[in-house]
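Here is a short briefing to read alongside your structure. Take a look at the view below, and then we can walk through it topic by topic.

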Amino acid sequence: MNATRLAWVLARVASAAVLLVTWGYGVTALSPFAFDMFVKPRLFPWLESFVTWHHIWFFGAYFASVATLVPIVAAGRKASAPHLRAAWWASISYLAVVGASAASLLVHPRLPLIVGGGHDWFVVPGALVPLLWLSLIDHLTGWPHASDVSGQPVTATSRVMLAALASALVVWAAHSIDQAIGGSAMAALSWSLARSWALALDAAAFVAITLTLSLAAGIAAATRHPVRWEYGLSLVLLAGGIAEFMRRLVFPPLMIDQRDAIATAIPFGVAFASMLAGLRLGTRRERVPVDTGLDLLAAFRGARAVRLSLLVGVPLAAWFTARAVAPVDWSMILVRVVALVEAALVFSLLLESARDWKRSGLTLTLMLAPFVIVLALHGVPRIAHAVTDATGDGRADPERLLDGYRAADPLTDLAAAAFVAQRESDPRFYGDLVEAERRFSTLEPETPETPFTTRRKATETPPHVFLFVIDSLRRDYLSAYNPAVSFTPAIGAWSSDQFVFRNAFTQYGGTWLSMPAIWTGSAVTRRWAGVFPWINALEQLTIDAGYDVVVNDFTVASLLRPDAQRTFLDPEVKSVDTDLCQNLSSLRAHIDGRTSTRSIFAYLAPMNVHLLNTRSGASDTKAEYAGFYAPYATRLQRIDGCFGQFVDFLKARGLYDDSVIILTSDHGDSLGEEGRWGHQFYIRPEILRVPLIVGVPAKLRARLTTDLGGLAFLTDITPTLYGLLGYAFRDAGPGFGQPLFVGAGDAPRSRRREPFLVVSSYGASYGSLRRNGRLLYAIDLVNRKEDAFTMSREPLGEERPASDALRRLGQADILAGLGQVEQLFTSPRSH
Amino acid sequence: MLIPDDVEVLADLGDLYEANGRTVDAEAAYRRALDRDADYAEVHLRLARLLVQRRAASEARSHVEAALKLQPNRRAALDLLTELDALSVEGAR
């Protein structure tokens, strides 16, 4: 590639990047949830700067794209060929229209005005228009070379089949390296079955693409312009594939409405495919005719040695990229994109190599490949079923094998979604759930007629309250819950004579819903923010009891009452960097520096052990971390020390004996078990289980009883504080938490027989927790997949097929639970 | 005898047996329930009551203490403990 061509490519890529980020920002704003989660917390500082200076960036992108059109414009409208004259007109109109838009943006910047839930047509799909326009120009200048070519052989199916099978093998081998085999014979057998199935699925995906391309070639061959038709059909297929990928795998985790998803995915697919095609035409070394539709896909025409190096380099680069993006990934969107790009590049490289393939003897063998693959697709799961039945060992269960792909092998997961028959689901239930999910996600809660709390004034001076909600803290990493833990001595020592709730859960698998639910002491809908100030029972309590309030919780910070006085600790630290040690240091300074005698209420939600930090941070390699995720244990050990120092500080200041200290987390986490990481989208035991340790002043302790083996929820914390402070938290029925303590003479209320709705904060996953938390039934609505667990084992529970009875009960519980939440926020309350 | 596997059903079954005077079956049902969920304070208490009735004081005490660990200061458990203390004094005489 010469310098001019390289400059052309760089200018085009730079302008496309600006336009795509603009479009991406607009798409994020389509979902209030995505906007609140990714944009408002300022997770990406560069994005904030991009939005602020978008008009300048847009102008720069316009300038860069115009530079690539200079040769066409310079050639003038009097160019000899009609297609070049058309290209000239297209370029001139591009200069005028897109230039006018750029100038308009300089006067009236639009991107900073977009808010969550808003839609600006100028941005979505408007930002894609220049891409399509440039692609049109590229095709007008490059495409006509093909129009004169007739009688070129259409795609040789056997050649593409060879490339497809070789691609499947390369991608499969690259992904297999990452899969641990395991020590036992059963583990090895499960591994073998899983990898055989993965190979069949990968090959099926590539072969399906081959057959689709061949079908397009076949259709094209029947026309008067086979090359032109094949190219066009290939382009349509590419656009359709990209659009479907966006609609099915990118937009649902961002909670973009299904209709918006379709309306947004199609223009994107068309624009992105056209852009790639334009780039392909523009970067060809020579103005050679487009020979087949595959010219679009076979992008590398370098020397054989270069192609071979790339064949090794691409999977390696994909592996490193996937590792790098995983900590900031969202529902595997990025790793799936990486896997798809990897597969496309490998296919592209091998397709080019297959051009030289001359031997025809293997053609028949290659044509048999689809039949062998179909046999494998059917055979492997049957063998896995048989092994499971014979051994009673669930590790070879086909559903579990498939589940393993979801995190570890995104390409196979995509293929499985297309080729593996899902369990036949009850269409009526799913129809009802889709409707309930829509209401749960879009319901704008009504302001309650009365607040959730009563205001019966307590007579005593309230105790100090220190509430530590440590994001993603898993209870099996605390010695109070797991005797194998030796790296949390301070928390262990403190909790030894406190109330350690053994059966505590969050009803929300993610900070976004879990944190507000702690404040309100009740269920919330996904759009809780609009009504939060009216249902924030915990803040009301702090106001009524006259607390000196100290907070560090970014989830609700902007929704706390502006008229109430409070201190926000360490406001200069970004939410993702919030550190318990720093918070406690600031809190100590606040306590020592104040002149007020009011009781202190502190609510801290540090992110030390959140995946965003543990997966990218350093870790120690101490022997005591064996069997634990070391980066997590390293950080936890540090904050354990800070917690211990704070308890000592309270004792030294004479505050400890008059303090309620609560240590909990907003949810658990998957820490690489079975290849899973994070908590955003799954409903699983390790995500729902939380630690909950409540320390109360000794003088109160003798007056209370509780049930440490009974169910406890995070929504119980606020009602519990009401009780401990002598206030009454109204029992408003389903959806509300309840005080965990009763008077010493009373029997604690049992919730063993009640089902409880559990919800993923960020995905359309719902579940029912039954039988004192021993049974969990969960539905992943996006993948139409169900899971059932018994909680017998820490931390993962035991996954098992759902019985028909559990399925029916669980499904009814989920619909009833969602109905209760809806009723809570739509019916006037008279309590 | 009916042998269900569910903790709460076992607890209910024990209750029913107890109400009908089938204390041996009730005891067995409670024990099964505790085998499956040792954190069920109410069942510890019910079993302890049955054990007090047949004067198995030592085992009854362990169940009362287990119940008190789970439900500190629970009046019913403290009452039972007092009863056990009285039994041990009586036994010592």
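Two residues are in contact if their C-beta atoms, placed from the backbone, lie within 7 Å. With that in mind, among the contacts in chain A that join residues at least 6 apart in sequence, 74% link residues at least 24 apart. Please keep in mind that this is a predicted model.

**Chain A overall**

- The secondary structure of chain A amounts to 28 helices and 18 strands.
- Chain A has 831 residues, and 48% of them are buried.

**A helix pair in chain A**

- Helix α1 of chain A covers residues 3–30, and helix α11 of chain A covers residues 258–282.
- These two helices pack at an angle of about 175°, and their axes are 12 Å apart.
- Angles over 145 degrees count as roughly antiparallel, and α1(A) and α11(A) are therefore roughly antiparallel to each other.
- On the α1(A) side, the meeting residues are A:W8, A:R12, A:A16, A:V27 and A:L30.
- Facing them from α11(A) are A:D260, A:T264, A:M275, A:L279 and A:G282.
- By class, the residues of this contact between α1(A) and α11(A) are six nonpolar, two polar and two charged.

**Where chain B meets chain A**

- In this interface, 13 residues of chain B are in contact with 17 residues of chain A.
- On the side of chain B that touches chain A, the elements giving two or more residues are α3 (41–53) and α5 (75–92) of chain B.
- That side of chain B has five nonpolar, two polar and six charged residues.

How values were computed: Residues numbered from 1 in each chain as written. Chains lettered and ligands numbered in written order. Predicted model: local features only at pLDDT ≥ 70, side-chain atom pairs only at ≥ 80, totals over all residues. Axes fitted to C-alpha atoms, helices over the stretch in contact; angles between N-to-C directions. Helix = DSSP H or I, 4+ residues; strand = E, 2+ residues; numbered from the N terminus. Parallel < 35°, antiparallel > 145°, perpendicular 65-115°, else oblique. Nonpolar A, V, L, I, M, F, W, Y, C, P; charged D, E, K, R; others polar. Buried ≥ 20, exposed ≤ 12 C-beta atoms within 10 Å, placed from the backbone.
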